[in-house]
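Here is a short report on one protein model. Look through the sequence and the fold before reading on.

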Amino acid sequence: MKVSPHAGLLATLQQRFCQHPERHPGLAWTTVEARLAAHPKKLAVLAAMEASGGEPDMIAQDPATGALSFCDCAAESPAGRRSLCYDDAALAARKLHKPGGSAVALAASLGIELLDEAQYRHLQTLGAFDTKTSSWLRTPPAIRQLGGALFGDRRYGQVFTYHNGAESYYAARGFRGLLTV
């Protein structure tokens with residue numbers, strides 16, 4: 001009998017899915033499992049999200065296409081994706097004390113997208129995330145062209161979106177990713 005290389009990951013995803021029904025009301029695990037089986041390459045992306053501390057879970061389904069949205073649902077910004085500036089242009093512009101990389105480039109290498117502000121606010125309706133950390137957010141081009149980038153967090157029971165220079169980086173700032181399956 002052949003065992004799937006992603007059997008452990010599927011068990012983890014199923015357990016998380018069952019523990020957090022508020023993130024996907026009315027959706028059965030069998031639907032998720034069937035969608036993942038139809039898109040096996042996406043399992044490698046979910047494995048990378050898991051390995052970097054993201055704790056991915058299903059948070060939305062497109063009613064028209066059936067596509068599922070998986071998002072990093074770790075309580076704090078994923079530990080394996082912190083201390084990064086926003087993008088490669090910001091990394092190149094930084095003269096001293098460069099971080100190890102950029103959020104946008106690492107997201108692309110994992111096969112995910114950074115959450116935009118609306119997606120981040122939706123995630124925050126499903127639980128309390130980033131109460132001690134913050135997460136870079138996909139930044140509109142007009143803001144990025146001026147040298148800025150957006151990030152969000154939850155403090156004092158509220159979700160905040162802020163701006164920072166795109167070249168900045170902090171030990172407590174990472175990013176959350178989104179994968180559509």
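Against which helices and strands do the buried residues of helix 3 pack?

## The model

This is a predicted model, where local features need pLDDT of at least 70, side-chain atom pairs count only at pLDDT 80 or more, and totals for chains, interfaces and linings use all residues. Residues are numbered from 1 along each chain as its sequence is written, and side-chain values use heavy atoms, with hydrogens and water left out.

Helices (H or I, at least four residues) and strands (E, at least two) are DSSP runs, numbered from the N terminus.

## Helix 3

Helix 3 spans residues 41-51, and its buried residues are L43, V45, L46 and M49. They fall within an arc of 160 degrees seen down the helix axis, so they line one face. The arc is that of the directions from the helix axis to the C-beta atoms. On the other side, K41 and A51 are exposed. Buried means under 20% relative accessible area, exposed over 50%, and partly exposed in between (1.4 Å probe, protein chains only).

The buried residues pack against helix 1 (7-19), helix 2 (29-38), strand 1 (56-61), strand 2 (68-72), helix 5 (103-110) and strand 8 (177-180). Contact means heavy atoms within 4.5 Å. G53 follows helix 3, with a positive phi near 95 degrees.

Four strands form an open sheet in the order 6-5-4-7, with mixed pairing. Strand 6 (158-165) and strand 7 (173-175) stand at the edges, each with a single partner strand, so one side of each has no neighbour in the sheet.

Strand 4 (residues 134-137) pairs with strand 7 in the parallel sense over three bridges. Two strands pair if DSSP finds at least two bridges between them. S134 has R173 of strand 7 as its bridge partner.
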